[in-house]
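Dear colleague,

Please find the structure below, handed over for your study. The findings follow directly after it.

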Amino acid sequence: MPVIELENLRKDYGGATVMEGLDLTMEDGEFTVLVGPSGCGKSTTLRMIAGLEDVTDGRILIGGRDVTDLDPKERDLAMVFQDYALYPHMNVARNMSFALRLQRMDKAEIDRRVRDVAEVLGLTDYLGRKPAALSGGQRQRVAMGRALVRDASTFLFDEPLSNLDAKLRGQMRAELAETRQRVEKNMIYVTHDQVEAMTLGDRIVVMRAGRIMQVGTPEELFRRPRNLFVAGFIGSPPMNFLPGRIEEGRVVGEGFALPLGPGRAGGAAPSGAVTVGLRPSAFRRAADGDIPFRVEISEYLGATSVLVGRLGTARVQVEVDTPAPVRVGETLQLGVDPDQLHLFDPQTEAAL
Amino acid sequence: MTDQATGPGRARPAAPPAAPPAGVPVRAEDAPVAPPRRRRREAGPVFYVIIALLVMMALGPILLMVTTSLKLQVDIVSSAPGLLFAPTLQNYETVLCDVLWYEPEHVRFCDPTFSRALGNSLIVATVSTVLTLLIGTMAAYAIVRFRFMGRDAVSLGTLLMRMVPPAVLLVPIFGIWTFQYGLNDTYAGIVLVYVAMNLPFVIWILQSFISQVPMPLEEAARMDGANPWQVFLLVVLPLIKPGLAAAAIFTFRIAWNEFILANVLLGRNTRTVPVTIVNSLTEHNIDWGVIMATGMLLAVPPVIFTLLASRQIITGMTAGAVKG
């Protein structure tokens with residue numbers, strides 16, 4: 001499987017630059033997820049790799065071959081579109097075999113491949129149906145199947161699950177992860193959903209406004225976000241941010257003081273001002289906890305609860321194990337793991 | 001109808017009195033059996049009178065044509081009008097004398113004009129329809145999908161051209177066709193005019209159909225390895241079939257019925273049917289029976305063509321393509 005390299009990729013739309021100098025290398029056999037809020041350029045990046053979008057400047061290399069100006073069909077890629085894009089005048093079998101028929105592949109071979117993939121995706125009973133007679137989930141599978149029969153070197157996914165309802169999305173996500181185990185191919189997956197990114201990706205590329213904010217494994221992004229944006233984007237419920245400053249090995253904010261682990265916060269701004277990042281999961285209930293926490297909103301999820309209350313004067317979300325629902329107005333004793341404290345420079349938004 | 005309304009066998013009080021709107025094919029099984037959902041307001045006598053008048057206006061001339069075409073000249077000119085006459089196919093035999101497998105005994109001299117004219121009409125109408133659709137789809141596709149300078153101007157300009165009445169073009173076309181290119185009396189000449197005349201409207205119709213084909217479909221086809229021609233032929237074209245059918249009906253019927261330009265531009269051997277009919281009105285003899293028979297035969301091909309083409313006009317071609 002070839003390595004895909006983006007070199008100094010630039011994209012202008014009618015005078016406005018939406019992407020400036022993107023560099024990214026996607027390793028062999030990797031599942032790369034491009035994630036970010038809408039308008040961050042993740043879909044544009046994918047479409048440029050696919051060859052559906054012109055590249056203003058820079059190069060795209062697939063397996064060392066410069067494909068920047070090549071047609072999509074010369075790039076050996078298969079793509080799954082956000083809204084399926086099934087050919088409505090063809091039945092499922094013909095939809096899936098379209099690419100193979102264009103290649104003038106042997107009929108028997110086409111038939112074999114379509115049946116194999118249909119088997120895997122549970123579409124065998126629907127091969128004769130037109131897309132209009134399929135449910136959303138089935139259409140999604142056909143779209144996937146159309147890419148899988150291709151046996152292309154790289155699969156591109158453009159928010160393939162965003163049109164499905166929550167339950168189906170979870171199911172398809174699991175199936176996709178399973179498919180991913182079986183199909184040893186490069187996969188590039190675009191989504192705005194950080195849960196999809198975390199669960200599917202070998203490597204996640206977090207983008208914002210045409211720039212890469214951080215590239216890393218799900219764990220790296222979660223444990224060591226490089227900046228405020230990544231910290232706030234990855235993780236659910238999102239990280240709490242509080243203004244504070246460093247004082248004698250502690251971080252002090254309005255109405256709270258948290259101990260820092262040894263050797264932390266060397267590079268704080270001269271004023272000592274920092275932004276403190278605390279994931280809801282960084283809190284734990286502890287008898288010896290030194291943070292009194294009065295519950296203002298309680299969302300009981302079963303094993304855990306998401307509680308909203310105040311840390312000093314600032315509102316924070318806390319996620320703690322709860323054997324039984326916590327009542328609003330109750331006061332809990334919470335502690336914070338010093339290792340899970342994130343510090344950011346308030347000016348540059350970079351992690352300290 | 002009124003009998004039915006009072007009769008004992010009237011089973012469905014709220015049955016729809018009017019035919020379904022024109023152009024909407026109604027399958028037999030889903031038309032009448034639906035249970036009455038709510039009582040519709042009873043249609044009064046005025047309604048039926050209006051319907052009857054409209055039906056008469058639509059069918060009257062056709063009825064007159066049919067009966068006249070089945071009459072002998074004697075019956076036609078006789079002062080006793082009416083529907084009582086001995087129907088005969090003589091007029092049809094006269095018109096079709098040279099294509100019939102037998103020789104009608106009443107025909108003394110077989111005039112091949114009509115069958116020749118019918119052939120001419122078929123050639124002219126078919127060729128202009130095919131050419132118009134061919135050029136029209138490609139032009140419409142280009143206008144919708146390609147970005148080029150003056151795209152909007154082209155789009156609007158094509159339609160503006162349509163607003164020029166053919167009669168205005170008559171003299172210049174006749175002059176140029178005859179004296180500059182020698183295209184008078186040729187099929188090519190008239191086909192060229194018909195194609196030019198119908199293209200704007202066809203392009204305009206097809207534009208709206210093409211712009212409804214979702215862009216991701218074309219992108220998917222490109223990812224699947226289709227070149228631009230294959231995208232156009234294998235994905236776009238099948239999806240705009242209803243538009244093609246509508247455009248084909250429109251073009252075919254205009255080319256089939258057109259009189260003024262055909263009358264001016266065509267010669268003895270290339271004349272189309274409408275011109276031939278008018279030309280058969282001579283000062284010596286107006287054989288109404290033959291003219292009406294010709295008229296009836298003239299109506300057959302477009303009816304067949306329209307029936308065939310309209311089966312392609314179905315909605316929801318792109319259903320299921322993308323998430324709605």
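In chain B, residues 118-309 have end C-alpha atoms that lie 20 Å apart, and this span is 79% helix and 0% strand. Helices (H or I, at least four residues) and strands (E, at least two) are DSSP runs, numbered from the N terminus. An unreviewed UniProt entry lists these residues of chain B as "domain: ABC transmembrane type-1"; such annotations may be inferred rather than shown by experiment, and UniProt positions are given in the numbering used here, with feature names shortened.

Please note that this is a predicted model, in which local features need pLDDT of at least 70, side-chain atom pairs count only at pLDDT 80 or more, and totals for chains, interfaces and linings use all residues. Residues are numbered from 1 along each chain as its sequence is written, while chains are lettered from A and ligands numbered from 1 in the order in which they are written.

Where do the two chains meet? Contact joins 25 residues of chain A with 21 residues of chain B, two residues being in contact if their C-beta atoms, placed from the backbone, lie within 7 Å. On the side of chain A that touches chain B, strand S6 (77-80) and helix H2 (92-102) of chain A are the elements that give two or more residues. The residues of that side comprise 18 nonpolar, 3 polar and 4 charged. Here Ala, Val, Leu, Ile, Met, Phe, Trp, Tyr, Cys and Pro count as nonpolar, Asp, Glu, Lys and Arg as charged, and the others, Gly among them, as polar.

Yours sincerely
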